[in-house]
Every structure is written in structure tokens, then in C-alpha cells.
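Me: I have some questions about the terms used for this model. Please set each value against its definition.

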Amino acid sequence: MGVSTFTHDHSSPVAPSRMFKALITDSRTLLPKLLPQFVKDVNLIQGDGAAGSIEQINFVEGSPFKYIKHRIDLVDNNNLVCKYTMIEGDPLGDKLESIAYEVKLEATSDGGCLCKMTSKYNTIGEYEVKEEEIKEGRESSIGICKVVEAYLLENPQVYA
């Protein structure tokens, strides 16, 4: 098994604690509400949302993917860090065993935050993931951040 690691950052004018609550803590409720054209629902199928829990994201009919399952590895509300691993779903295909993610939100001097994302692609056999292969997934994550950010900017009382 090989491992390919990629990182990317996204700056936001929204405070890190609000982004963390929206993107991580309350994502099961918020993502289907903000992205109904993509996300059908998000269900906790094991655990209570803390480390060790399993959640399944179901996509709407006609999407390129039916569902994905994530294992929550760490949720640190104090340091605004979340680690989770995609353990099942169409994006893994026949070349990936899993994808481990780390999301860390850091405060910036302007009152906003920097969202630092690291993805570790655990491959089957000697397959090596190329950066261009993960471009769509990275753009999708940034797109989700931007939708959540816009919602929070329009609703300053939410997660305040």
C-alpha cells in the first residue's frame, strides 16, 4: 500500500469557531440544507458523532456517486481540528483503500480563518495518486467551504 499526501488551504472572512461548527459539528444538518442539489442526507450509522463514529453521506439521484462513509477519527473542538477517513464509497474505486483527511481551522489577524486541509490517499498496491487526479475533489471541498461561508456571512447570528 502506498500513500500520497496533498494539502491545500482556503482563507475565509468567517471566524474559525463558526466555520468549525458549520463544517464539522453541525454538517449532518447543514450540508443537506445548503447543498440539496448534491447531498440527499447525512446519517450517523454508528456512534454519537465523536471519534469512532461512522457517518454516511448519501448523494441525490443522478450524482456521480451514490454515497460515501466516513469514520470520525478525532473531533477537537478546542483546537478546531477534525480527522476523518473515507472508508467506503464510489470515489475509492478499485485503486484506493481509504482517504484520510485532516481539517484544521486557524484564526487570522483580520478575524477570519485559514482552513488547512490535508488528504492522505492510501492506495491498493503500488498505484500512485497524481495531483491532477484529486483536483475535482479539492475543488469540491473548496466549493463546500464557500457555500458554508456565504451562508454564515448572510446569517451572522448562526453559530455566533
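Me: Which residue in β4 is the bridge partner of Ile57?
Reply: Ile68 is the bridge partner of Ile57 in β4. This is a predicted model, where local features need pLDDT of at least 70, side-chain atom pairs count only at pLDDT 80 or more, and totals for chains, interfaces and linings use all residues. Residues are numbered from 1 along each chain as its sequence is written, and side-chain values use heavy atoms, with hydrogens and water left out.

Me: What makes β3 and β4 a pair?
Reply: Strands pair if DSSP finds at least two bridges between them. β3 and β4 (residues 67-76) have five, in the antiparallel sense, so they pair. Strands here are DSSP runs of E, at least two residues long, and helices are runs of H or I, at least four, numbered from the N terminus.

Me: Why is β3 called mostly covered?
Reply: Buried means under 20% relative accessible area, exposed over 50%, and partly exposed in between (1.4 Å probe, protein chains only). Five of the six residues of β3 (residues 54-59) are buried.

Me: Why is one side of β1 and of β2 left without a neighbour in the sheet?
Reply: The seven strands form an open sheet in the order β1-β7-β6-β5-β4-β3-β2, with antiparallel pairing. β1 (3-12) and β2 stand at the edges and each has a single partner strand, so one side of each has no neighbour there.

Me: Which strand is joined to β1, and over how many bridges?
Reply: β7 (residues 113-123), antiparallel, over 10 bridges. Ser11 stands opposite Leu114 in β7.
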